[in-house]
Amino acid sequence: FNLRGALPDLEYRPHDVRLVSVGTVRFTTRVVGTFRGSPLRLRNDMNLSPNGQRMACPPESVTITFDLSNNNKPVVTRLVSGYTMDRQVGNTAGLCGVQALATVGGMPPNDWTLLPPQQVLQNIFRRTMSQLPGEPSSYLAPFPESVMLQLCKGVLNANLGLDDVDGILDTSSNNQFEFITPTVGPLNLKDFKIYQSAQNDLLRSNDGGGIVGDVEYQYSNFRVDPYDPYRVWVDVRASLNNDSIRGPPEAWSFTFDDSGYCTRITANAVLDPTDPQASNVGGLGGVAGLLYAANQPLSPWSTRPLPQIFSRITKIITQPITNVNVDDFATQLRSTPEMASVEINTNESITPLTTTTTTTSLRILQKQSQLLIMIIIMIII
């Protein structure tokens with residue numbers, strides 16, 4: 001895939017660069033460009049012709065880990081990218097990279113390949129999700145940065161505003177409040193209250209198999225979005241049962257109006273599912289990830305899109321041959337000596353990236369397994 005050739009004016013716009021641990025840097029990109037270059041060749045051997053449309057991707061998280069043992073030449077050992085922080089922003093339906101360009105080019109992926117089946121079915125009976133502009137109308141924040149950060153902390157300290165709804169959240173007659181996660185929403189204020197209550201019940205009752213406890217949150221890197229000054233971002237890590245289960249780093253955000261009321265919350269956007277400090281959450285964020293790590297996973301029909309479900313079943317079936325665990329996200333690239341130890345983890349691919357160490361027979365076996373699984377499911381349905 002040649003994004004640079006298809007988008008001659010491609011800009012990554014990296015910002016919010018922060019050091020998350022020794023040797024690991026995380027930052028945000030907002031990729032933009034105009035599809036007026038060379039045609040884009042897709043995996044199905046189809047070519048997308050340039051149409052002159054402007055592509056504005058949502059904020060995307062990128063994490064890079066360096067080996068600092070050689071002070072003269074630090075080496076990249078891990079690259080994590082393709083994780084959308086807010087799927088409602090931009091004109092690519094919340095997608096990044098090649099999928100984003102395919103959407104702008106008129107061949108968007110099907111919802112069944114992007115969202116859990118339960119969410120797709122629910123969306124049939126809901127209004128179409130409106131996309132927020134990728135470019136703000138104003139770069140001037142309603143309050144000084146210090147005030148914006150305090151407003152954000154006030155929402156967090158009030159249980160996402162639910163402990164003081166009238167004083168924190170937008171409850172006006174023309175209420176525009178929305179809550180959205182990678183797989184849920186957007187929800188209005190009424191549905192948000194119901195959703196939060198249901199999430200708490202999952203952890204505090206014995207109905208799911210004995211998972212009892214309160215979630216604790218660690219907040220860090222509060223910052224105002226330079227491309228949306230009405231929004232404050234914060235990195236979040238959830239833990240359960242006195243830190244015995246730790247979730248991956250997530251991105252949450254809080255948008256405020258000119259009066260200081262919170263009008264929009266985004267949550268549970270996983271930044272790095274392979275984070276070494278996290279428990280095995282199966283790549284899931286929020287309560288779903290914590291329950292997965294506690295061996296009480298929610299139904300995959302409510303947490304994963306169909307291709308990911310099929311891919312995980314395939315990996316389980318072929319694990320005796322491939323030695324690839326169902327939750328192995330990273331793949332070793334062996335194409336060059338310099339990249340021999342680099343782990344590439346991208347949310348673009350549902351299945352592991354193909355490498356020179358993967359034999360043709362194993363790839364055929366995986367394809368045959370996926371086809372067999374799909375046939376069985378179709379027969380059952």
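Predicted model: local features only at pLDDT ≥ 70, side-chain atom pairs only at ≥ 80, totals over all residues.
K153 lies over the face of F222, sitting 5.0 Å from the centre of the ring.

**The chain as a whole**
- The secondary structure comes to nine helices and 16 strands.
- The chain has 381 residues, and 45% of them count as buried.
- Take the contacts between residues at least 6 apart in sequence: 58% of these join residues at least 24 apart.
- The accessible surface is about 19,000 Å², and carbon and sulfur atoms account for 54% of that area.

**Aromatic rings**
- You can find six aromatic pairs in the structure.
- Y217 and Y219 are stacked, because their ring planes stand at 15°, under the 30 degrees that the stacked class requires; the ring centres are 6.2 Å apart.
- Y217 counts as partly exposed, at 36% relative accessibility, and Y219 is partly exposed too, with a relative accessible area of 31%.
- Elsewhere in the chain, one aromatic cluster is formed by F177, F179, F192 and Y195.

- Look for D86 in the loop between β8 (75-84) and α2 (97-104).
- Is D86 buried or exposed? D86 is buried, because its relative accessible area is 2%, and buried means under 20%.
- The side chain of D86 makes a polar contact of 2.9 Å with the side chain of R231.
- Leaving out residues up to four places away in sequence, D86 touches P58, P59, I180, R231, W233, R264 and T266.

**Cysteines**
- How many disulfides does the structure have? The count comes to zero.
- C152 is in no disulfide either, and the nearest cysteine sulfur, that of C262, is 8.2 Å away.
- Both C57 and C152 are tucked away from the surface: C57 is buried with a relative accessible area of 4%, and C152 is buried with a value of 0%.

Methods
Residues numbered from 1 in each chain as written. Heavy atoms only, no water. Helix = DSSP H or I, 4+ residues; strand = E, 2+ residues; numbered from the N terminus. Buried < 20%, exposed > 50% of the residue type's maximum accessible area, 1.4 Å probe, protein only. Contact = heavy atoms within 4.5 Å. Areas by Shrake-Rupley, 256 points an atom, 1.4 Å probe, with all protein chains shown as cover. Polar contact = N/O pair within 3.5 Å; in protein donor to acceptor, adjacent residues only side chain to side chain. Phe/Tyr/Trp six-rings, centres within 6.5 Å; stacked < 30°, edge-to-face > 60°. Lys NZ or Arg CZ within 6 Å of the ring centre and 35° of its normal. Disulfide = S-S within 2.5 Å.
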